[in-house]
Amino acid sequence: MTPVRVSVLAYPGVFASEVYGVPDLLTMAAHVAAARGAGRAAYETTVVSPRRRVVASGGFRLDVAAVRPADVLVVPGFEPTPAGEPEAALAGLGPELATIRAQAAAGTAVVAVCVGAFLLAEAGLLRGRGATTGWLYADRLARRYPEVLLRRERLVVTDRGVTTTAAFSAMYDFALSFVRDREGPGVARATARVALLDDTRSSQTPYVDTALLPAPGHGFAAGVMRRLDRDLAARYDLPALSREFGVSTRTMLRRFGAETGRTPLAYLHSARVRRARHLLETTDRTVAAIAADVGYRDAGTFTTLFVRHTGRRPSACRTPPDPHRAT
């Protein structure tokens with residue numbers, strides 16, 4: 001079996017765990033394949049850099065090899081600045097951006113983990129492509145790179161040889177899908193069981209904590225979002241919303257999309273689902289009552305949207321009763 005050459009790009013400030021996460025899971029998959037009598041899967045993994053020395057986040061020094069031809073290039077994420085602005089970490093990464101472009105031009109499949117998507121976007125690889133990133137940074141990615149077709153709910157998005165993943169642990173979702181495509185579902189499933197990984201999840205929406213999201217600023221889209229948030233249950237009326245902000249419907253969609261990467265209606269659906277999930281987790285109200293509270297008169301429509309956004313049915317979000325709680 002010809003080895004699949006997997007290079008992981010190391011650079012200053014990279015998260016060390018994301019450098020080694022994919023290679024470690026591929027190593028585990030090779031052992032699982034051998035134990036199942038499928039032969040040892042062939043993965044040749046190397047940590048590479050255009051620099052001679054790399055210090056990762058936390059001050060860890062990484063051993064790196066020179067950049068070489070590869071079948072897959074993994075671009076891990078980096079430690080965000082205290083202000084939470086990923087763009088600041090891009091400064092000074094010119095050699096890495098050149099490496100990404102060169103590898104992609106040579107036909108190498110490129111994979112980004114979490115905010116590694118910013119490097120791919122800065123290198124021009126995500127222009128016109130579908131992509132995702134960690135939910136905490138999705139709005140920033142959409143604002144800085146409006147040409148990216150952001151799929152913010154997805155854990156893994158692959159578009160014409162370029163793959164992006166959501167935050168941190170989604171590198172394992174990618175690695176499992178990679179093993180599944182190469183070794184078959186049996187090896188991937190067994191690897192997930194050995195590693196105690198969930199190989200059935202498909203959305204990052206259940207993990208979104210709105211308390212950690214940056215508050216809307218003073219831009220056009222921020223004002224629209226605040227207006228929609230004030231009355232989630234109100235019927236969506238794009239012409240009326242546009243008149244309220246003194247613009248045409250076309251301008252509303254263009255300006256809101258340029259700042260957020262989505263439409264006002266898409267934002268409203270996601271805000272309604274977040275509110276509904278909170279009510280499901282903290283109250284005993286029925287699903288139908290909660291659906292009505294957030295603007296859906298038909299419980300079936302609400303359930304369909306909820307599953308699309310979260311990957312789970314509303315009933316699965318109920319907090320189980322505490323058996324030790326006194327009654």
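How many bridges join strand 9 to strand 10, and do they run parallel or antiparallel? I started my notebook here, on a predicted model. I found 4 bridges between strand 9 (residues 156–159) and strand 10, and the two run antiparallel.

**Entry 1: around strand 10**

I looked at the turn next. Strands 9 and 10 make a hairpin with 2 residues between them, and R160 in that turn has a positive phi of about 50 degrees. I noted D159 as the bridge partner of V162 in strand 10. V162 also has V110 standing opposite. That took me to strand 6 (residues 109–112), which is joined to strand 10 by 3 bridges and runs parallel to it.

I then asked which residues of strand 10 sit on each side. V162 and T164 are on one side, T163 and T165 on the other, and all of them are buried, so both faces of strand 10 (residues 162–165) are covered. I jotted down the background: in a regular strand the side chains alternate between the two faces of the sheet.

**Entry 2: the whole chain**

I stepped back for an overview. I count 13 helices and 10 strands in the chain. The C-alpha atoms fill a box of roughly 60 × 50 × 35 Å along the principal axes. The chain exposes about 16100 Å², with carbon and sulfur atoms supplying 53% of it.

**Entry 3: helix 1**

Helix 1 covers residues 16–35. Its 20 residues reach 29 Å from first C-alpha to last, close to the 28 Å expected. I listed its buried residues, among them V19, V22, L25, L26 and V32. What covers them? The cover includes strand 1 (4–9), strand 2 (43–48), strand 5 (72–75), helix 6 (170–183) and helix 7 (185–195). After helix 1 comes G37, with a positive phi near 80 degrees.

I picked S7 and L9. S7 lies in strand 1 and has a relative accessible area of 4%, so I put it down as buried. Leaving out neighbours within four places in sequence, S7 is in contact with residues including T46, V48, R68 and V72.

L9 is in strand 1 too, and is buried at a relative accessible area of 0%. Beyond four places in sequence, L9 touches V48, P50, V74, E96 and I100, among others. L73 is on the contact lists of S7 and L9. L9 and L73 are 64 residues apart in sequence but 6.9 Å apart in space, C-alpha to C-alpha.

**Entry 4: aromatic rings**

My search of the whole structure gave 7 aromatic pairs. In one of them, F118 and Y145, the ring centres are 6.1 Å apart and the planes are at 70 degrees, so the pair is edge-to-face. F118 is in helix 4 and Y145 in the loop between helix 5 and strand 8, 27 residues apart. F118 is buried at 0% relative accessible area, and Y145 counts as buried at 6%.

F174 and F178 form a tilted pair, 5.8 Å centre to centre with 35 degrees between the planes. Both lie in helix 6, about one turn apart, and both are buried. Ring pairs link Y43 with F174 and F178 into a cluster.

Methods
Residues are numbered from 1 along each chain as its sequence is written. Side-chain values use heavy atoms; hydrogens and water are left out. The expected span of a helix is 1.5 Å times one less than its number of residues. Buried means under 20% relative accessible area, exposed over 50%, partly exposed in between (1.4 Å probe, protein chains only). Contact means heavy atoms within 4.5 Å. Two strands pair if DSSP finds at least two bridges between them. Accessible areas come from the Shrake-Rupley method with a 1.4 Å probe; for residues, only the protein chains shown count as cover. Rings of Phe, Tyr and Trp (its six-membered ring) pair if their centres lie within 6.5 Å; planes under 30 degrees apart count as stacked, over 60 as edge-to-face and the rest as tilted.
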